[in-house]
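Colleague: I have a protein model open on my screen and would like to get to know it. Could you walk me through it while I ask questions?

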Amino acid sequence: MAEYKLLLPSMGEGVMEATIISWHFNEGDTVNEDDSVVEIATDKVDSDVPTPVSGKIVKILKQKDEVAKVGEAIAILEIAGEGSADVQEQQQEPKSAEDVRTDIPQISQEEIRELEKPLKDAEQVSAQNSSAQISGERYLSPLVKSIVQEENISEAELQSIKGSGLEGRITKEDILNFLENRGKSQPQTEQPQTAQPAAAKPAEIPAATIPTYDGDEIIQMDRVRKIIADAMVNSKRTSPHVTSFIETDVTNVVKWRNKNKAPFEKREGEKLTFMPIFVKAVVKAIQDYPMINVSVDGDKIIKRKNINIGMATALPDGNLIVPVIKNADQLSLSGLAKAINDLAERARSKKLKPEDTQGATYTISNVGTFGNLMGTPIIPQPQVAILAIGAIVKKPAVVETPDGDMIGIRHLMFMSHSYDHRVVDGSLGGMFLKKVHDYLEAWDQNLDI
């Protein structure tokens, strides 16, 4: 029998580790190829890890709530064969003497040394480059890089941080631990003979002590809530938020949906919600104002080619996740409806894949589903804007007609647009919101789906 190391697989760009949520099998259990053996959680999504081989689990290396790095062994399986193997590498030996070629010409030792010389020189150069890479710039994930820039962490400080990630990479936890202890244990350096007066530093504000009283219940945040909390605080710390509001008459949208939802469900087996309509209007507005579809990297603006719409989705446990509609500009209304329904269903049943929550360039949050008229959403980094859709409410409103103004019952809805004032000024943020408003108010009631 052979040992097989089950490794934590790669789960997308920037994801370097995962937390073990639960094992579906115990030590001694037999598993078949493609069985989901363990549930894991990243800062993006929960997912299952299948085994690519059949065998018996002889050792579980990572227990519940422990963190594993990408490429790290999380279990050992006993499989048919000899030796040992893992997910990424399996050695193969020639089966017999016939498998070995005998027609290769013999080469002298002197010729071998001459052939190896350039290879050895290249190895020396590679080693020097590797050394320079270790002492110079280090790989940083987009999240870690944004924290480094935001907290003005110097290159010297960065080099002093020992990374706990794969191949010594610095993780978010490494950076946060460094910031928590920053300045507390800095070694004292000798002051120069003619030192200039140092600028006074503001005193650190100690964390407030929150009192508790009889009858209070203390609830520990779960892993997802901690991630959401960190992301929200980081976003407000990174981006100066500005929010614009507009009230939109969506009577045409409501009438069109009422006319088409039953035939669409009968034909496609899918429900027709308002979200595909909102996404379509947002995509068209982004095409008109592409500088909304950007990210900020220091003093550089990254203008995104793709239009990937994040869709904030509430989960049954009260947490929030944002699945992404990839290349939304290339989908029809019918395609958007199917993609939205699929992502929402898989989000609520915890069947999203890591790539389903990555790559959003703009996000929509439908707070109207909770009966809210409007909200001031927080921008999901590294995007620069987010739209909140309020509840659709019947109201008396002034209607312009060829015969003059009159009062009518209309379906009205508030929209609020939060944007990053570093790169989106009030004019751009306001004009974009007005363009979404215009597309919704002018919705064609005869549009086919």
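Modeller: Gladly; what follows is a set of questions and answers about this predicted model.

Colleague: Let's begin with the overall picture. How many helices and strands are in the protein?

Modeller: The protein has 449 residues, and 37% of them count as buried. Among contacts with a separation of 6 or more, 64% are between residues 24 or more positions apart. As for the elements you asked about, the count is nine helices and 20 strands.

Colleague: And the outside? What share of the accessible surface belongs to carbon and sulfur atoms?

Modeller: The accessible surface comes to about 27700 Å² for the protein. The part of that surface that belongs to carbon and sulfur atoms is 51%.

Colleague: Now for the second largest pocket. Which element gives the largest share of its lining?

Modeller: The second largest pocket holds about 590 Å³ of space. Its lining has 26 residues, and those closest to the centre are Met 275, Ala 312, Arg 348, Asn 366 and Thr 369. Two or more lining residues come from each of helix 7 (275-288), strand 14 (313-314), helix 8 (333-348) and strand 17. The largest share, five residues, comes from helix 8.

Colleague: Let's turn to charged pairs. What is the N to O distance between Arg 410 and Asp 249?

Modeller: A search of the whole structure finds 12 salt bridges, and the side chains of Arg 410 and Asp 249 meet in a salt bridge. This pair links distant parts of the chain, with Arg 410 in strand 20 (residues 404-420) and Asp 249 in strand 10 (residues 241-249), 161 residues apart. Asp 249 counts as buried because its relative accessibility is 17%, and the cut-off is under 20%. From N to O, the distance is 2.8 Å.

Colleague: Which residue forms a salt bridge with Lys 338?

Modeller: The closest N and O atoms of this salt bridge, between Lys 338 and Glu 268, are 2.9 Å apart. The two residues are 70 positions apart, with Lys 338 in helix 8 and Glu 268 in helix 6 (residues 251-268). Lys 338 is partly exposed at 33% relative accessibility, and Glu 268 is partly exposed at 26%. So the partner of Lys 338 is Glu 268.

Colleague: Which residues are linked with Lys 338 in a network of salt bridges?

Modeller: In general, side chains of opposite charge can pair when their charged atoms come close. Here the residues linked with Lys 338 in a network are Arg 267 and Glu 268.

Colleague: Helix 8 keeps coming up. Are Arg 346 and Asp 356 buried or exposed?

Modeller: These two form a salt bridge, with their closest N and O atoms 2.7 Å apart. Arg 346 is in helix 8, whereas Asp 356 is in the loop between helix 8 and strand 17, 10 residues apart. Both Arg 346 and Asp 356 are buried.

Colleague: What is the phi of Asp 65?

Modeller: Asp 65 is in the loop between strand 6 (55-60) and strand 7 (67-69). Asp 65 is exposed because its relative accessible area is 57%, and exposed means over 50%. Its phi is positive, in a residue other than glycine, and is near 75°.

Colleague: One last question. How far apart are the C-alpha atoms of Met 413 and Ile 392?

Modeller: Met 413 lies in strand 20 and counts as buried at 1% relative accessibility. Leaving aside neighbours within four places in sequence, its contacts include Ile 246, Phe 278, Ile 392 and Leu 440. Met 413 and Ile 392 are 21 residues apart along the chain, and their C-alpha atoms are separated by 4.7 Å.

Key: Residues are numbered from 1 along each chain as its sequence is written. This is a predicted model: local features need pLDDT of at least 70, side-chain atom pairs count only at pLDDT 80 or more; totals for chains, interfaces and linings use all residues. Side-chain values use heavy atoms; hydrogens and water are left out. Helices (H or I, at least four residues) and strands (E, at least two) are DSSP runs, numbered from the N terminus. Buried means under 20% relative accessible area, exposed over 50%, partly exposed in between (1.4 Å probe, protein chains only). Contact means heavy atoms within 4.5 Å. Accessible areas come from the Shrake-Rupley method with a 1.4 Å probe; for residues, only the protein chains shown count as cover. On a 1 Å grid over the protein atoms alone, a cavity is a set of points where a 1.4 Å probe fits but cannot get out, and a pocket is an open set with protein on both sides within 12 Å along at least five of seven lines; lining residues have an atom within 4 Å of a point. Grid points are joined across faces, edges and corners, and a volume is the space filled by probe spheres set on the points. A salt bridge is a side-chain nitrogen of Lys or Arg within 4 Å of a carboxyl oxygen of Asp or Glu.
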